[in-house]
Amino acid sequence: MNLITSKDNPLIKTAHALLTDPKKRKKLAQTVIEGVHLLDAYLKANKTPITTIISESGLANAEIQDLISRLNKQPVIISDTLYKNIRTLGECLPIMAVITIPNLTLHQKIIKDCLIINGIQDTGNLGTLLRTASATGFDTVICTTGTAHTYNPKTLRAGMGANFSLDIYDNVSIDEIFEFVKVPLYATTSHADGLIYHKDLTQPLALIMGHEGSGVDRLLLESATPLTLPQYGQESLNVGVAGSVCLYEILRQRQFAKPPISS
């Protein structure tokens, strides 16, 4: 076993930079996933990591051993001290993998459900929306220019592997949305009538979730049917929770709405 102990090792330097530097992730079109859950989800999606890194003590863990058996090449083993110096996840099973960031571009008309994420900045909110989109059957996600990156390691952790089951388009202009999205637009807002429970959401649509502070971009909002959630207190829901409520209301209307009770 060739054990790496130096922080100056080129692979280790690259992995650390990918975990901490968005410019490096953009330049290489790569990112890092940490922990057994994300790597398991990645492999289940029939994807292959570029490199897998494990701490020396992690080799004895049964879950890590199972992941190693499913890899198509041997992992890189590094010292426990070095692993702790480069990790960002904290106390978890010591395994991480360098993966390729997909680069999807809109070139066909979207005629099915999609989630449009417009300017959301918080990686936790973004990951929550990706995870809920996957859970509710929205497998196409479009992120406009200025939105936090969907393959930021923090977003990946919040999404719990949802990225790997979704078609995600990053850095899409509003003009491209108007050109390619050919289903009705619905935008969440707290400044208009249009209670979500009074809307028919049973047909293919694009749900737009906007920036935590300023909301959905004016051009998109003017072209969309507004959706609002009831609010009885002073505090509104954060965008991750609000989007999840909307996605599950869409699912409820389509799959779980009860027929009228006959007399």
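Buried means under 20% relative accessible area, exposed over 50% and partly exposed in between, with a 1.4 Å probe and protein chains only. The model is predicted: local features need pLDDT of at least 70, side-chain atom pairs count only at pLDDT 80 or more, and totals for chains, interfaces and linings use all residues. Residues are numbered from 1 along each chain as its sequence is written, and side-chain values use heavy atoms, with hydrogens and water left out.

**Stop 1: helix α3**

Select residues 36–44, which form α3; helices (H or I, at least four residues) and strands (E, at least two) are DSSP runs, numbered from the N terminus. Within α3, the buried residues are Val-36, Leu-38, Leu-39, Asp-40, Ala-41, Tyr-42 and Leu-43. Because seven of its nine residues are buried, α3 is largely enclosed by the rest of the structure. Now show what surrounds them: the buried residues of α3 pack against β2 (30–34), β3, α4, β5 and α7 (153–159), where contact means heavy atoms within 4.5 Å.

**Stop 2: α3 against α4**

Two packed helices are described by the angle between their axes and the distance between the axes. Axes are lines fitted to C-alpha atoms, for helices over the stretch in contact, and angles run from 0 to 180 degrees between N-to-C directions. For α3 and α4 the angle is about 25° and the axes are 11 Å apart. That makes α3 roughly parallel to α4, since angles under 35 degrees count as roughly parallel, over 145 as roughly antiparallel, 65 to 115 as roughly perpendicular and the rest as oblique.

Select Val-36, Leu-39, Asp-40, Leu-43 and Lys-44 of α3 with Glu-63, Ile-64, Leu-67 and Arg-70 of α4 to see the contact. By class, this contact of α3 with α4 has five nonpolar, no polar and four charged residues. Here Ala, Val, Leu, Ile, Met, Phe, Trp, Tyr, Cys and Pro count as nonpolar, Asp, Glu, Lys and Arg as charged, and the others, Gly among them, as polar.

**Stop 3: the end of α3**

Just after α3, Asn-46 takes a positive phi of about 60°, although Asn-46 is not a glycine. Asn-46 lies in the loop between α3 and β3 (51–55) and is exposed, with a relative accessible area of 73%. For another such residue, go to Asn-171 in strand β8 (residues 167–172). Phi of Asn-171 is near 60°, again positive in a residue other than glycine, and Asn-171 is exposed at 57% relative accessible area.

**Stop 4: the cores**

A nonpolar core is a set of buried Ala, Val, Leu, Ile, Met, Phe, Trp, Tyr and Cys residues joined through side-chain atoms within 4.5 Å. The largest has 46 residues, and Ile-33, Leu-115, Ile-117, Val-141, Phe-164 and Leu-207 have the most contacts inside it. Its largest share, six residues, comes from α3. Centre on Leu-115: among the residues that Leu-115 touches are Leu-129, Ala-133, Phe-138, Val-141 and Leu-207, not counting residues up to four places away in sequence. A second, separate core has 19 residues, including Ile-110, Leu-185, Ile-208 and Leu-220.

**Stop 5: α6 against α10**

Select α6 (residues 123–135) and α10 (residues 239–256), which pack at about 10° with axes 8 Å apart. That makes α6 roughly parallel to α10. On the α6 side the contact has Asn-125, Thr-128, Leu-129, Thr-132, Ala-133 and Ala-135; on the α10 side, Val-239, Gly-240, Gly-243, Ser-244, Leu-247 and Tyr-248. These divide into six nonpolar, six polar and no charged residues.
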